[in-house]
Amino acid sequence: MLQPELILSLKKYSMKVFLRDLSAGIIVGIVALPLAIAFAIASGVGPERGIFTAITAGFIISALGGSKVQIGGPTGAFVVIVYGIIQESGYPGLMTATIMAGILLILLGAFKLGGLIKFIPYTIITGFTAGIAVTIFTTQIGDFLGLTTGKMPGDFAGKIMMYGKSVSTINWYAFAVAALSLAVIFLWPRVTKRIPGSLVVIILATAATLIIGRFTSLRLDTIGSRYGSIPSTLPAPQLPSFSIETITRLFPSAVSIAVLAAIESLLSAVVADGMIGAKHDSNMELIAQGIANIVSPLFGGIPATGAIARTATNIKNGGRTPVAGMIHALTLLLIMLFLGRFAVYIPMAALAAVLVSVSWNMAGIPSVKSLLKGQKSDIAVLSVTFLLTVFIDLTVAIGVGLIFAAFFFIKKMIDVSEIRTCGAVSGGLGVTQETADDVFVVPSGVLVYEIEGPLFFGTVRKFELAVEQAEVSYKVLVLRMRNMIYLDAGGMQALLQLKNACDRKHITIILAGIHTQPYMLLEKTGLAEKLNRENIFDNTKDALAHAQNVAAEKIRRM
């Protein structure tokens, strides 16, 4: 039964736990403010939309989710998708795509498909995450250097070309602020890890630029100078206008948002489980993510998911139940109501430094280096996914990456499979299968073939060639299947064709050491009856004894 973790947590709740949740929630709320603003700006929308998202989606994800400590909100993972949608369809299009993604997430959870997300290969996740990191970094070059660029194109190559044309407009004051801010972010953990360097940078950079601006003529772009004032209340809910044309056009983007939200949130939940020794409900988590992504755009927000860094901050500061995440959202609401007007003074250069640090952390350079030392197939999948994410589209990257991963997996299964004959060796039929299954005597008139690995469409030709090339005169063919644990329709067809060919030559087929999955498939399709169930054995000893009797009977009839 699907049940929010909040209900389970409140059954054993206490004042001591509440005080820890309260402290953690307030700290995470303060930490989340600059990140919410930064991710919104990087996504091509106003800074207030990041705050709206962190409040509405963050509250819902904690209240309805399947994790005890998950913190939800806008993340860097969505920057690429959201920016592209905003460029093509504006915010109304983003609302439609996000709501559709929310519906898809609810369906995934309702049909208990949360576990399927875990089957997306690690190489693909690493590839598109690194690609997103590069894209985020690219969007921040202009503000980091203080360039005057005008409206930026949506594609990676266009951005690079625009920066090249605008390099002469570099603002050295902005660059100095950004560089110092970045240095503080990376060095701050040596001072303390309880308070993130990004928060310290935003406070110090804002204060410094206000003081310097008051006594000198030096000026920097700020949130206020670029986006105007930030609202001090949540907007009234508003529905987008749906149409068949809009839904059809934005459906691929909605799928990308849903897949990315699912992957990011469940990865965050898994990391959190490891930190607190708990286990999350992936299906309940997906339903909560879906509801959050339906509600968020209604209140002016953008896509949301579980945020690994904020979740870890919550845990490190004592948060142990969903109440901490709900307090984090309420803290952001209070900050927006009473202190939101001060956010307009935050310099864009400092926000750029925060996002550059985020992109560095997202890039997963140690993981990429490790994969580049591995198999060529993993390198290929990683490279293709990374390049397509950067230069084309995240949806295309994940789709093509899955195709490449599947192709290489099939090839590996083909390579490791083997069909070989088993010759006679010393020993005897009396040796038991459990202790020495490889020690047996092949009776006269019997040919034994060992099938190593799965028998599926990719290995069928190997099987057919091996049997065709057999130059032994035999009356009984024993297929030894102790190391064949998987059979598919292609393998079934190969067995049927082999049986028909053997029937024409009056050769009996016997199966030895068959496993559950192949046997159940033979039964369901009726092939077990065609092969004759008397010729199917679960061990080699009995199969060879039967083969000897069948061969002897056929020889007597000749």
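I call a residue buried under 20% relative accessible area, exposed over 50%, and partly exposed in between, using a 1.4 Å probe and protein chains only. With that settled, I began at H506, which counts as exposed at 63% relative accessibility.

**Ground rules**

I am reading a predicted model, so I note that local features need pLDDT of at least 70, side-chain atom pairs count only at pLDDT 80 or more, and totals for chains, interfaces and linings use all residues. Residues are numbered from 1 along each chain as its sequence is written, and side-chain values use heavy atoms, with hydrogens and water left out.

**Entry: positive phi**

I placed H506 in the loop between α20 (489–504) and β6 (508–512). Helices here are DSSP runs of H or I with at least four residues, strands are runs of E with at least two, and both are numbered from the N terminus. H506 is not a glycine, yet it has a positive phi of about 60°. I then looked at K112, in the loop between α4 and α5. K112 is not a glycine either, and its phi is positive at about 55°. K112 is exposed, with a relative accessible area of 54%.

**Entry: K554**

Is K554 buried or exposed? K554 counts as buried, at 19% relative accessibility. I found K554 in helix α23 (residues 540–557). I listed its contacts, meaning heavy atoms within 4.5 Å. Not counting residues up to four places away in sequence, K554 touches K475, H506, I507 and T508. I also checked the K554 to K475 pair: 79 residues apart in sequence, 7.2 Å apart C-alpha to C-alpha.

**Entry: helix α2**

Helix α2 runs over residues 15–42, which makes 28 residues. I took its span from first C-alpha to last and got 40 Å, close to the 40 Å expected at 1.5 Å a residue. The expected span is 1.5 Å times one less than the number of residues.

Where does α2 kink? I located the kink at A32, about 30°, shortly before the proline P34. The bend at a residue is the angle between axes fitted to the seven residues ending there and the seven starting there. Just after α2, G44 takes a positive phi of about 90°.

I41 also sits in α2. I41 is buried, with a relative accessible area of 11%. Leaving aside neighbours within four places in sequence, I41 is in contact with P47, I223, Y227, M348 and L351. I looked up I185 as well: 144 residues from I41 in sequence, and 19 Å away in space, C-alpha to C-alpha.

**Entry: nonpolar cores**

I define a nonpolar core as a set of buried Ala, Val, Leu, Ile, Met, Phe, Trp, Tyr and Cys residues joined through side-chain atoms within 4.5 Å. The largest has 91 residues, and those with the most contacts inside it are I37, F128, I132 and L351. Helix α4 (residues 79–110) gives the largest share of this core, 14 residues. Another core lies apart from it, with 24 residues, among them L447, L477, I509 and A528.

With neighbours within four places in sequence set aside, I37 is in contact with P47, I51, I223, A343, I346 and L351.

**Entry: helix packing**

Axes are lines fitted to C-alpha atoms, for helices over the stretch in contact, and angles run from 0 to 180 degrees between N-to-C directions. Angles under 35 degrees count as roughly parallel, over 145 as roughly antiparallel, 65 to 115 as roughly perpendicular, and the rest as oblique.

I took α5 (residues 122–145) against α10 (residues 244–276): about 105°, axes 13 Å apart. The two are therefore roughly perpendicular. I125, F128 and I132 in α5 meet L260, I263 and L267 in α10.

While in α10 I looked up S256. S256 is buried, at 3% relative accessible area. S256 touches I81 and T395, not counting residues up to four places away in sequence.

Next came α8 (residues 197–215) with α14 (residues 348–363): about 170°, axes 9 Å apart. I log α8 and α14 as roughly antiparallel. S198, V201, I202 and A205 of α8 make the contact with A350, L351 and V354 of α14.
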